[in-house]
Amino acid sequence: MNLKQFVGGALVVLALAVTPTVAFASDKTDVTAAVHKFFGNLDKTHVKTAVAACDSPVSIIDEFPPYEWHGANACDDWWKAYQQYNKNSGITDPDAKLGEPWSVDVTGDRAYVVSPATYSFKQHGKTIKEPNAVFTTALRKTAAGWRITGWTWSKH
């Protein structure tokens, strides 16, 4: 083996060793962006953008009745139930913030993200805070990018 063959072979090995790591880091970034696209657009003006981040079907578990939603329109159905719950409960000025993920796991075309979150709102004029909530999502990579297949909100 001459020097050219050795260097060429070494470059191929190096490229193969680096490529999965780069793709994995890119997937983690894309997955996190998809979660933020959903979570960051949960308001009356941008809800269509949030719902577009959902796959079909979707499963949701949240802290208000009926507590779970699933199916092709689960994200939209959840949003409508959330709005009605807030209205019935005297809740105004909702403000949810998503923190940096504690974990982002990507395996092939599936991903799992766990993030800290906070939620504050007014209920009958009184300020309420949920400082230690957790937003957990499962995603699937589609031709259109990463889409949420399930999520849950848990308060501590």
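**Exercise 1. The end of α3**

Solution. The model is a predicted one.
- Step 1. Turn to the helix. α3 has 16 residues. From its first C-alpha to its last it reaches 22 Å, close to the 22 Å expected at 1.5 Å a residue.
- Step 2. Look for buried positions. In α3 they are A74, C75, W78, W79, A81, Y82, N86 and S89.

**Exercise 2. The largest pocket**

Task: Describe the largest pocket by its volume, its lining residues and their classes.

Solution. 
- Step 1. The volume is about 620 Å³.
- Step 2. The lining of the largest pocket is made of 30 residues. Y82, N86, P94, A96 and Y119 lie nearest the centre.
- Step 3. Assign elements. Those giving two or more residues to this lining are α1 (3-39), α3 (74-89), β3 (91-98), β5 (110-123), β6 (126-142) and β7 (145-154).
- Step 4. Sort the lining by class: 16 nonpolar, 6 polar and 8 charged residues.
- Step 5. Link back to the helix. Y82 and N86 are among the residues nearest the pocket centre, and both are buried in α3.

**Exercise 3. Backbone exceptions**

Solution. 
- Step 1. Most residues other than glycine have a negative phi, and most peptide bonds are trans.
- Step 2. Check the bond from S56 to P57. This bond is cis, with omega near 0°. P57 lies in strand β1 (residues 54-61).
- Step 3. Check the bond from P65 to P66. It is also cis. Its omega is near 5°. P66 sits in the loop between β1 and β2 (68-71).
- Step 4. Take Y67. Its phi is positive, about 75°, although Y67 is not a glycine. Y67 lies in the loop between β1 and β2. Y67 counts as partly exposed because its relative accessibility is 44%.
- Step 5. Take H124. Its phi is about 55°, positive although H124 is not a glycine. H124 belongs to the loop between β5 and β6. Its relative accessibility is 66%, so H124 counts as exposed.

**Exercise 4. The whole chain**

Task: How many helices and strands does the protein chain have, and what share of its residues is buried?

Solution. 
- Step 1. Count elements: 3 helices and 7 strands.
- Step 2. Read along the sequence. The pattern is α-α-β-β-α-β-β-β-β-β.
- Step 3. Of 156 residues, 34% count as buried.
- Step 4. The chain exposes about 9400 Å², with 59% supplied by carbon and sulfur atoms.

Note on methods: Residues are numbered from 1 along each chain as its sequence is written. This is a predicted model: local features need pLDDT of at least 70, side-chain atom pairs count only at pLDDT 80 or more; totals for chains, interfaces and linings use all residues. Side-chain values use heavy atoms; hydrogens and water are left out. On a 1 Å grid over the protein atoms alone, a cavity is a set of points where a 1.4 Å probe fits but cannot get out, and a pocket is an open set with protein on both sides within 12 Å along at least five of seven lines; lining residues have an atom within 4 Å of a point. Grid points are joined across faces, edges and corners, and a volume is the space filled by probe spheres set on the points. Helices (H or I, at least four residues) and strands (E, at least two) are DSSP runs, numbered from the N terminus. Ala, Val, Leu, Ile, Met, Phe, Trp, Tyr, Cys and Pro count as nonpolar, Asp, Glu, Lys and Arg as charged, and the others, Gly among them, as polar. The expected span of a helix is 1.5 Å times one less than its number of residues. Buried means under 20% relative accessible area, exposed over 50%, partly exposed in between (1.4 Å probe, protein chains only). Accessible areas come from the Shrake-Rupley method with a 1.4 Å probe; for residues, only the protein chains shown count as cover.
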